[in-house]
Amino acid sequence: MNTFYIDSLETIDEVAKEFLAHYKNEKVIAFYGEMGVGKTTFIKSLCKNLQVEDTVNSPSFAIVNEYHTPEEDIVYHFDFYRLKEESEAYDMGYEDYLYSGHFCMIEWPEKISSLLPNGRLDLHLTEESDGRRKLTVTKQ
């Protein structure tokens, strides 16, 4: 288990860079945290550090967004918040994404908990009393 702290928006890119230095080979990352804690913001910073060329935004309505890097890497960004049942993930072909070998960054993974692959990273974001964000990372 590793822990990272984001002191402010000014330091988020440094933390994303450090995170990727530790975990660049980990392709499936499940982001846990309350609404508004900064999951999407951290994913945007990770994508920036991966040199994603596309505009990164929350896929709340699309469920999944696909981004590309200059090296032809693909990053899939999921937001399962609106799923009512796990079976909806089957309808979108979640397996094709999660087992593609490309980066998969998943917001609201608890909505598909039994479908998540072993070997993923679980990243828990919490807000500290001083406003900092604490990132706790464990390998599953």
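Author: Helices here are DSSP runs of H or I with at least four residues and strands are E runs of at least two, both numbered from the N terminus. This is a predicted model, where local features need pLDDT of at least 70 and side-chain atom pairs count only at pLDDT 80 or more, while totals for chains, interfaces and linings use all residues. Residues are numbered from 1 along each chain as its sequence is written, and side-chain values use heavy atoms, leaving out hydrogens and water.

Reader: What separates Phe 19 and Tyr 23 in helix α1?

Author: Both sit in α1, residues 12–23. They are four residues apart there, so the separation is about one helical turn.

Reader: And how are the ring planes of Phe 19 and Tyr 23 arranged?

Author: Phe, Tyr and Trp rings (six-membered ring for Trp) pair with centres within 6.5 Å; planes under 30 degrees apart are stacked, over 60 edge-to-face, the rest tilted. Here the centres are 5.0 Å apart and the planes meet at 45°, so the pair is tilted.

Reader: Which kind of pair do Phe 78 and Tyr 97 make?

Author: Phe 78 lies in strand β4 (residues 74–79) and Tyr 97 in helix α4 (residues 94–98), so their pair ties together parts 19 residues apart in sequence. With ring centres 5.4 Å apart and planes at 85°, the pair is edge-to-face.

Reader: Is Val 52 buried or exposed?

Author: Val 52 is in the loop between α2 (39–49) and β3 (64–68). Buried means under 20% relative accessible area, exposed over 50% and partly exposed in between, using a 1.4 Å probe and protein chains only. At 14% relative accessibility, Val 52 therefore counts as buried.
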